[in-house]
Amino acid sequence: MRKVVVIGAGMGGMAAAARLARAGLDVEIFEAASHVGGKCRNEWIGDYSFDTGPSLLTIPAVYRDLFKKTGKRLELVSELQPVDPAFAYYFADGTRFEFANLALPKICHELSQILGEQAGDEWRSIMLRAEAMWDVARTPFIESEMPKISTLIRRKGFLRDLRKIAPLTSLEAVADEYTKNPYLKKIIQRYATYTGSDPRKAPAVLLTIAFVETTFGAWHVKGGVGSLAKTLGDRCLELGVKIHLNTPVTQIITDSGRATGIAVAGREISADYIISNADSEITFNSLIAKSEKAGNSERKKLKRADRSLAGFSLLLGLDNSKVSGAVPTMNHHTVYFPENYEQEFVDIFDKNQPVDDPAIYICAPDDPSMVKGENNEAWFVLINAPPHDARDGWDWTIEPEKYAAKILAKLDQLGLRVSERLDLMQFRTPYDLERSAAAPGGSIYGTSSNGSRAAFLRAKNISDIKNLYSVGGSAHPGGGLPLVGISGELVAESIIALQGGVGIAKDHH
């Protein structure tokens, strides 16, 4: 049996491991942390459970396909629940509206009723453009190994597709083409931060996120989205994958441009194939010797790429029995926009400093299995933030509790009565994420999508170092649960093909 070593038990690493084990390869995963899932994690603190990583699942078919192709239906081990409405949006002037789940006509009707008929028509046009972009980008940029630019140019219909994607146009600029409505523009700008990016620089193709969210839906996993990591870890074990927790890899061993094994716990382990689910910055700058020239192309790309933004989060356990009178009824996903949303991008991307008046995202699942006590609520509150950089940026080890208190005060100013009900509060900084998930700077998505060439600056799934592969948010096709799952599939299919296996048709619809 061919031996595969996977560095890191993140979702991409486990997705590859499960498929390869099913195909008959001998697979071992070495994970530095005490748990599987990487950034995808659900944590119990006292009577409250929080998704401290992804709190939303889109394109669930990626994971349905993964489980189906490895011999078990996902629905037998996880309960996926549609979230309706998908999002509630609040604005500083008191305007509020909801985006229905899996229902574009309802969304357009709601916008027409609240913002005027023109707004509904504009959003419909925006979604048609997003769909056209998705149709063009899906196969070459998402469901395939990243192609060379020369290959794209020779592709049939290249010029037509180029006009649809508009690679030199920013997300903010494409929004201006379709609407002057300040509410719609704020929502479009927020899609850039889905990938940790700056809407002033991120390419227009990120508009596809809006189409994906609307078409494939917003989903919750009963017990928390992070429970999907444990479910996938269990599936790996059932397939014979060996998972070693609390076992950091210290080196990828190479010989003349070929990966031959790893160093771990004072010993060397040989392998036919090595899959790195570590951040690409760690893979190529720390785990691989600088003398390995075959890694230079990835190192050069890393120098040119921008880190994605990071996040400052509050974990709030609320006990409604502490107060009298009505308390706000929260949607599952809620976003509160500040009056000056553009200042957030200036603060984070230009000044490398925390935002004074940030957009606030609150995940408040209506899931009884995530709390103990019928009067309790568990809120995950996320604020976009600059990465941790003690030397040239913001040092998140200095008085982070003051920023936590500021955010808590803002929640009270919004009329959410948080302090009155507070039973538990913890905060997590970008520095905390850097330490817990080996994410440089606490960047949520590895590298950002800033600029038209950003996609080409991510680590390739098939490395220039023979027998070394990359998966996860810092590798192609990017960050987020669906994309890291696809990265694992791309790598697994490449290795299976080398064994004379036949690739399995994808089913991501």
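Me: How much space lies in the second largest cavity?
Reply: The model is predicted, and the search of it comes to 2 cavities of 30 Å³ or more. For the second largest cavity, the space amounts to about 30 Å³.

Me: Which strands each supply at least two residues of the lining of the second largest cavity?
Reply: The lining of this cavity includes Ser49, Phe50 and Asp51. Ala378, Trp379 and Phe380 also line the second largest cavity, as do Cys363, Pro365 and Met370. The strands that each contribute at least two lining residues are S4 (48-51) and S17 (376-385).

Me: In what order do the 5 strands of the open sheet lie?
Reply: The edge strands, each pairing on one side only, are S9 (242-244) and S19 (468-470). The pairing in this open sheet is parallel, and the order is S9-S2-S1-S13-S19.

Me: Which residue in S9 is the bridge partner of Phe30?
Reply: Strand S2 covers residues 26-30 and pairs with S9 in the parallel sense over 3 bridges. Within S9, Phe30 has as its bridge partner His244.

Me: How many salt bridges does a search of the whole structure find?
Reply: Side chains of opposite charge can pair when their charged atoms come close. One group, consisting of Arg19, Asp65 and Lys69, is linked in a network of such bridges. Over the whole structure, the number of salt bridges found is 31.

Me: Is Glu43 buried or exposed?
Reply: Glu43 forms a salt bridge with Arg41, with 3.8 Å between the closest N and O atoms. Arg41 has a relative accessible area of 28% and is therefore partly exposed. The relative accessible area of Glu43 is 13%, and the limit for this class is under 20%, so Glu43 is buried.

Me: How many residues apart in sequence are the parts that the pair Lys222 and Glu79 ties together?
Reply: The closest N and O atoms of the salt bridge between Lys222 and Glu79 are 4.0 Å apart. Lys222 lies in the loop between strand S8 (219-221) and helix H10 (227-238), whereas Glu79 lies in the loop between helix H2 (61-69) and strand S5 (80-82). The sequence separation of the parts tied together is therefore 143 residues.

Me: In which helix does Asp350 lie?
Reply: Asp350 forms a salt bridge with Arg200, the closest N and O atoms being 3.0 Å apart. Arg200 lies in the loop between helix H8 (182-193) and helix H9 (208-216), so the pair ties together parts that are 150 residues apart in sequence. Asp350 is partly exposed at 43% relative accessibility, and Arg200 is partly exposed at 29%. The helix that holds Asp350 is H13 (residues 342-350).

Terms used: Residues numbered from 1 in each chain as written. Predicted model: local features only at pLDDT ≥ 70, side-chain atom pairs only at ≥ 80, totals over all residues. Heavy atoms only, no water. Salt bridge = Lys/Arg side-chain N within 4 Å of Asp/Glu carboxyl O. Buried < 20%, exposed > 50% of the residue type's maximum accessible area, 1.4 Å probe, protein only. Helix = DSSP H or I, 4+ residues; strand = E, 2+ residues; numbered from the N terminus. Pairing = 2+ DSSP bridges. 1 Å grid on protein atoms, 1.4 Å probe; cavity = no way out; pocket = protein on both sides within 12 Å on 5 of 7 lines; lining within 4 Å. Points joined across faces, edges and corners; volume = space filled by probe spheres on them.
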